[in-house]
Amino acid sequence: GAVFVYLEDIDENGVSRYITEGGLRLIHRKMSTDSSSYNIHSFNEEDAAPMVPGSIEEVTFKLWPTSVMIQKGHSLRIAISGADKDTFDRIPKRGKPTLTVHRSATKMSYVNLPVIK
């Protein structure tokens, strides 16, 4: 499977504005040990591994860099998808993969955004 994350600015009326996005084919989720590389994932064939249904795994990836001012009264929304039909082939091509995002105190999901005041 794959995961795509979209960061959006939501105004006071609920209107969404795209800010940036990121994505990862989950078979390449293993982190790189090469600190000199820009990539945080190894993308090495020997590191590729399918997700195990029902298991909980940490998946980390970057969003495309950008700079935007969020107006007072606006909020941020994270939209998570398993496909982006206009840009990427669906993985897997058949079936209905399920993405589970954990939000508990012991299994937290989060987005780390740099903030400049």
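User: How are strands defined and numbered here, and which strand holds Ile80?

Analyst: Strands are DSSP runs of E, at least two residues, numbered from the N terminus. This is a predicted model. In it, Ile80 lies in strand 3, which covers residues 75-81.

User: Where do nonpolar side chains tend to be?

Analyst: In soluble globular proteins, they tend to be buried together. Here, the largest nonpolar core has five residues: Val3, Val5, Leu24, Leu26 and Phe61.

User: Which residues does Val3 touch, leaving out those up to four places away in sequence?

Analyst: Val3 touches Leu24, Leu26 and Phe61, among others.

User: Which residues form the nonpolar patch on the surface?

Analyst: Ile80 and Leu99 are among them. Val68, Ile70, Leu76, Ile78, Val101, Val111, Leu113 and Val115 belong to the patch as well. Together the patch residues have about 760 Å² of accessible area.

User: Now charges. How many salt bridges does the structure hold?

Analyst: A salt bridge needs a side-chain nitrogen of Lys or Arg within 4 Å of a carboxyl oxygen of Asp or Glu. The structure holds four. One of them pairs Arg77 with Glu8, with the closest N and O atoms 2.6 Å apart. This pair links distant parts of the chain: Arg77 is in strand 3 and Glu8 in strand 1 (residues 2-10), 69 residues apart.

User: Are Arg77 and Glu8 buried or partly exposed?

Analyst: Arg77 is partly exposed, with a relative accessible area of 37%. Glu8 has 14% relative accessibility and therefore counts as buried.

User: Which residue forms a salt bridge with Asp9?

Analyst: Arg17 does, with the closest N and O atoms 3.1 Å apart. Asp9 is buried, at 3% relative accessibility. Arg17 is partly exposed, at 41%.

User: What does Lys30 form a salt bridge with?

Analyst: Asp47 is the partner, and the closest N and O atoms are 3.4 Å apart. Both residues sit in the loop between strand 2 (16-25) and strand 3, 17 residues apart. Lys30 is partly exposed, with a relative accessible area of 45%.

Definitions and conventions
Residues numbered from 1 in each chain as written. Predicted model: local features only at pLDDT ≥ 70, side-chain atom pairs only at ≥ 80, totals over all residues. Heavy atoms only, no water. Core = buried A, V, L, I, M, F, W, Y, C linked by side-chain atoms within 4.5 Å. Buried < 20%, exposed > 50% of the residue type's maximum accessible area, 1.4 Å probe, protein only. Contact = heavy atoms within 4.5 Å. Patch = residues over 30% accessible without salt bridge, like charges linked within 9 Å, V, L, I, M, F, W, Y side chains within 5 Å. Areas by Shrake-Rupley, 256 points an atom, 1.4 Å probe, with all protein chains shown as cover. Helix = DSSP H or I, 4+ residues; strand = E, 2+ residues; numbered from the N terminus.
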